[in-house]
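Here are my comments on the model you asked me to look through. I have kept them as numbered points, so that each can be checked separately.

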Amino acid sequence: KSGRNAMMTLNRMMSLLPLSYRFIRGAAFAPISRSMSFTHTIQNAKLYLTESTAGSALYMSDDRFINPTKFVGSDMTITEYPNPVLRTKAADITDFDEKLNSLCEEMMSIMYQADGVGLAAPQVDLGIQLFVYNPLGEKLRKSQERIVCNPKILEYSAETDVEEEGCLSSRSGYCAGMVRRSKEIFVEYTDVKGQKTRRRLKGFEARVFQHEYDHTQGVLHLDRFSEEDRDYIQPELDKLTADYGATDGILELAESVRNALQPPTLR
């Protein structure tokens, strides 16, 4: 698993860099593929570490991925694995009012504070069909912000790619792994004003949408991991389970649900 260890080490190092160089922690997608060489990636980021110092430099701040206990302007916090709200299909939204608008603004603010590109309602302990995202992850690019209520994915392209994803609800880089997603999807959702829209999404935005959509269906990114990646992060999941403390945690997705996922998982 030396290759796996090297990539996880690389991702932890990249989290120290400015947003333009590193993977995004909130939806925590990593545009760093295993096909890229370690040296090439580091040189592009203009960061140079010797092999002998990389480990100590990267792992000296392991609490970097622990979620904040407080966000500015909100009483909400990040819901973490294995809280059952993350494993429950969320309820449809029926009231499109000022309360919903305020909630969306609050979630968008939390997303940016977490350096994220997406945040779903179950991740803040709300069991409703809602997520917000900005594929650029840049607060000043308001035109890229999307509020998605009652989402549906009507079509998945047969063409897929495999990239590394993490999630705030499993402490980002601690539990990152490779996930297969469709390169293009056709979606339907309602905006914050109650207007229904259909869009065809491609590339990174399609990946973000699929990740957040999964949250509204009670599915986590780690449910799509290969057995190797799942085994690799299991010690971290065990820690999260211990930190959760309660006995109602749901550790696994039902096998029948996993087998029906689109696109198929890497297991």
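The points below go from the whole chain to the sheet, its helices and some side chains.

1. This is a predicted model, and the remarks that follow should be read with that in mind. The protein chain has seven helices and eight strands, and buried residues make up 51% of its 267 residues. Among the contacts with a separation of 6 or more, 71% are between residues 24 or more positions apart. The accessible surface of the chain comes to about 12,400 Å², with 51% of that area belonging to carbon and sulfur atoms.

2. Five strands make up an open sheet in the order 2-3-4-7-8, with antiparallel pairing. Its edges are strand 2 (118–120) and strand 8 (196–202), each of which pairs on one side only. On average, and with direction ignored, neighbouring strands of this sheet are turned by 40 degrees against each other.

3. Within this sheet, strand 3 (residues 130–133) pairs with strand 4 (residues 146–156) in the antiparallel sense over four bridges, and Leu130 stands opposite Cys149 in strand 4. Helix 4 (residues 98–113) packs on the sheet, where it touches strand 2, strand 3 and strand 4, and its direction makes about 45 degrees with that of strand 3. Helix 5, by comparison, lies across strands 2, 3, 4, 7 (184–190) and 8, running at about 100 degrees to strand 4.

4. A search of the whole structure finds four aromatic pairs. One of them is edge-to-face, because the rings of Tyr133 and Phe209 have their planes at 85 degrees, with centres 6.2 Å apart. This pair links distant parts of the chain, as Tyr133 is in strand 3 and Phe209 in helix 5, 76 residues apart. Tyr133 counts as buried at 0% relative accessibility, and Phe209 is likewise buried, with a relative accessible area of 0%.

5. The rings of Tyr189 and Phe209 form a tilted pair, because their planes stand at 45 degrees, with centres 6.1 Å apart. Here Tyr189 is in strand 7 and Phe209 in helix 5, 20 residues apart; both Tyr189 and Phe209 are buried. Phe131, Tyr133, Tyr189 and Phe209 form one aromatic cluster.

6. The side chain of Gln210 reaches the backbone oxygen of Ala206 at 3.0 Å. Leaving aside neighbours within four places in sequence, Gln210 is in contact with Ile153, Tyr156, Arg181, Ser182, Ile185 and Pro263.

How values were computed
Residues are numbered from 1 along each chain as its sequence is written. This is a predicted model: local features need pLDDT of at least 70, side-chain atom pairs count only at pLDDT 80 or more; totals for chains, interfaces and linings use all residues. Side-chain values use heavy atoms; hydrogens and water are left out. Helices (H or I, at least four residues) and strands (E, at least two) are DSSP runs, numbered from the N terminus. Buried means under 20% relative accessible area, exposed over 50%, partly exposed in between (1.4 Å probe, protein chains only). Contact means heavy atoms within 4.5 Å. Accessible areas come from the Shrake-Rupley method with a 1.4 Å probe; for residues, only the protein chains shown count as cover. A polar contact is a pair of N or O atoms within 3.5 Å; within protein, one must be able to donate a hydrogen and the other to accept it, and residues adjacent in sequence count only if both atoms are side-chain atoms. Two strands pair if DSSP finds at least two bridges between them. Axes are lines fitted to C-alpha atoms, for helices over the stretch in contact, and angles run from 0 to 180 degrees between N-to-C directions. Rings of Phe, Tyr and Trp (its six-membered ring) pair if their centres lie within 6.5 Å; planes under 30 degrees apart count as stacked, over 60 as edge-to-face and the rest as tilted.
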